[in-house]
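Thanks for coming. I have a few slides on one structure, and I will keep to what can be read from the model.

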Amino acid sequence: MSKIQIMDEVLANKIAAGEVVEKCMNVVKELVENAIDAKASEIKIELIDSGVKEIRVTDDGIGMDKEDAVLAFSRHATSKLKTERDLFHIGSLGFRGEALPSIASVSNVTLKTCNGETGTMVEIHGGKLITVESSDLQQGTSIVVKNLFYNTPVRLKYLKNLYTELSYITEYVNKMALSYPNIRFLLTNNEKKLLKTDGSGRLLKVIHDIYGLSVTKKMIEIQGENEDYKISGYISYPELQKSNKNAITLLVNGRVIRNLDIIRYITDSYHTYIPQDRYPIAVLKIEVDPILVDVNVHPTKMDIKFSKMDTLKDLITKTITEKLESLTLIPDAALETTVDENKTRISTVYTPNRFEEFDEVKKDEEFQEFEKMTLNFEVQEAEASYLPNGTEIKEKEIPKKERIKKMYPVGLVHGTYIVAENEDGMYLIDQHAANERVNYEYYLKELSNPQPATMDLLVPITMEFPSNEYVILKENFHLLDSLGIGYEEFGFQTIVIRSIPVWLTKSNVEQALRNIIDIIVVKEDFQLERFLDHIAATVACKASIKANDHITLDDMEVLLERLRSCENPFTCPHGRPTIITYSKYDLEKLFKRAMS
Ligand code: ZN
Ligand code: ZN
């Protein structure tokens with residue numbers, strides 16, 4: 001090969017690097033995926049300064065011989081390796097970037113590898129081969145990438161601050177650990193441990209290693225299947241919430257993927273269980289015949305499309321909804337259930353003390369104890385299912401409509417919170433939120449009635465609108481029809497309402513009509529279901545008792561009974577809790593009557 005050709009190749013790699021390697025994370029990703037392809041059972045990722053200074057990835061996989069070790073960095077040879085690597089991915093989402101030569105062109109790379117026979121060391125600086133010699137490594141591969149982008153003028157354009165780079169890497173490694181529970185992962189930055197998994201193959205253990213015990217205790221196992229798909233994994237109790245989607249991990253046939261639609265199906269299944277701008281924690285494994293999957297790959301991300309999206313949506317929605325409906329979701333006020341938003345991801349990065357305290361043995365013991373409890377629980381369940389009548393009894397899962405035991409009100413605190421009790425403990429109920437939930441479910445049911453009962457108004461209501469709103473309203477008169485609102489156009493920008501659906505009479509009619517029309521005129525990308533939901537929530541809020549409305553014990557009792565009969569009695573339509581509890585045991589413990 002002439003010198004000029006070599007220069008061309010170096011240049012081509014550097015150009016490609018800009019596309020393939022945007023972040024330190026992309027380098028980590030390439031190296032970790034190589035390690036997985038090499039059938040590693042342990043992968044160590046050691047960073048210095050978030051990887052900007054150095055990324056070291058070590059695995060115990062099959063390694064390479066001398067020839068392959070050199071060829072791995074040649075753009076020309078990558079395609080040959082690629083077909084070999086694709087063999088590992090038959091039936092999976094096999095995708096490989098040609099990132100290794102690109103990475104080597106903009107950094108200093110040292111590769112040590114051994115296939116069990118010969119050990120090789122290759123050193124490459126800025127894409128130029130410096131040395132090839134034998135190495136003392138016994139098995140596997142170790143790649144050190146130093147000074148990423150050192151020889152490019154646009155280094156700063158590529159790399160964000162250390163904090164951001166590290167959060168990308170942490171998120172990526174967390175997701176890989178979740179997709180490969182059989183592989184032991186270790187991630188460190190400046191010798192501080194960020195993640196360590198044990199390779200025991202247990203998904204819940206990986207969740208524990210990433211998110212900690214308090215989150216793990218609040219994860220629910222799910223499972224479901226239909227003709228085309230099989231799903232399984234863990235979702236969080238609604239009380240665990242995050243402000244972003246990063247804690248939702250999607251795996252398709254074992255590979256981490258990105259798909260905003262699926263994330264939406266998951267969060268939509270939590271509709272009214274959590275506020276609109278919040279997200280659950282979830283690890284969802286999807287198994288599907290690869291024929292139904294269309295992989296649309298970009299070197300830095302993996303997005304995929306499913307050809308039977310509808311049945312997947314139905315399956316996810318049904319599985320999660322049914323699971324949530326089967327649980328008692330009253331937050332226990334005495335337990336510390338709120339999870340520090342950043343605990344698992346970001347603050348750990350910047351509070352080194354945390355990691356000095358990282359007491360692995362203790363952490364693992366706690367998990368084992370928790371696991372033992374869960375196992376005991378399952379044993380009890382299993383025994384229960386052998387009862388003569390053969391009915392499976394699950395203690396945690398209780399039949400719908402009886403999701404909260406009967407409670408007896410004893411008073412009102414701050415004009416807002418109903419205090420109630422039963423044999424299990426004490427409850428605090430937010431009277432507005434509870435009333436709002438009751439009304440919301442009522443309105444939603446009425447609204448979905450295609451032929452709503454209507455009644456004439458004794459005194460018709462005249463409503464005038466600014467011209468811009470009137471234009472939109474006029475375009476959407478059919479929505480008023482479908483709601484059962486009888487109207488007439490009356491002169492300029494004015495309508496007269498003559499009849500209304502009966503359900504509307506439960507609230508301040510004029511105010512409710514205003515709210516509905518407001519929703520119609522500001523609607524963006526209209527969907528009937530969301531429209532009705534929005535109306536139900538809005539009208540419910542306005543029609544409900546407020547804080548500082550003093551209600552009688554009898555009213556409270558009626559409200560609590562109606563709350564108990566709701567589909568979801570635990571949250572208001574905005575996802576805020578309606579009820580919290582102090583269990584009898586909590587109270588005994590708090591007052592030191594019970595020791596433990
Ligand atoms: Zn409200
Ligand atoms: Zn609310």
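Predicted model: local features only at pLDDT ≥ 70, side-chain atom pairs only at ≥ 80, totals over all residues.

I start with the zinc ion listed as ligand 1. Its protein donors are His432 through NE2, Glu436 through OE and Cys541 through SG, and they lie 2.1 to 2.4 Å from the ion. Along the sequence, these donors are spaced H-x3-E-x104-C. Glu436 sits in helix 15, residues 431-447, and Cys541 sits in helix 19, so this pair links distant parts of the chain, 105 residues apart. Cys541, at 24%, counts as partly exposed.

Now the zinc ion listed as ligand 2. Which residues coordinate this ion? They are Glu436 by OE, Cys572 by SG and His574 by ND1, at 2.1 to 2.3 Å. The spacing of the donor residues in sequence is E-x135-C-x1-H. Cys572 counts as buried, because its relative accessibility is 1%. His574 is at 30%, so it counts as partly exposed.

You will have noticed Glu436 at both sites. Glu436 bridges the zinc ion (ligand 1) and the zinc ion (ligand 2), and the two ions lie 3.9 Å apart.

Helix 19, residues 528-543, packs with helix 18, residues 509-522, at an angle of about 150 degrees, and their axes are 10 Å apart. The cut-off for roughly antiparallel is over 145 degrees, so helix 18 is roughly antiparallel to helix 19. Their crossing is right-handed. On the helix 18 side, the contact is made by Gln511, Ala512, Asn515, Ile516, Ile519 and Ile520; on the helix 19 side, by Phe531, His534, Ile535, Thr538, Val539 and Lys542. By class, that contact has seven nonpolar, four polar and one charged residues.

The last pair is helix 10, residues 260-269, and helix 11, residues 309-325. Their axes come within 9 Å and cross at roughly 30 degrees. Angles under 35 degrees count as roughly parallel, and helix 10 and helix 11 are therefore roughly parallel to each other. This crossing, too, is right-handed. The contact has eight nonpolar, three polar and two charged residues.

That is the last slide.

Note on methods. Residues numbered from 1 in each chain as written. Chains lettered and ligands numbered in written order. Heavy atoms only, no water. Axes fitted to C-alpha atoms, helices over the stretch in contact; angles between N-to-C directions. Helix = DSSP H or I, 4+ residues; strand = E, 2+ residues; numbered from the N terminus. Parallel < 35°, antiparallel > 145°, perpendicular 65-115°, else oblique. Left-handed = near helix turned anticlockwise from the far one by under 90°. Nonpolar A, V, L, I, M, F, W, Y, C, P; charged D, E, K, R; others polar. Donors = N, O, S within 2.8 Å, 3.2 Å for Na, K, Ca; no water. Buried < 20%, exposed > 50% of the residue type's maximum accessible area, 1.4 Å probe, protein only. Contact = heavy atoms within 4.5 Å.
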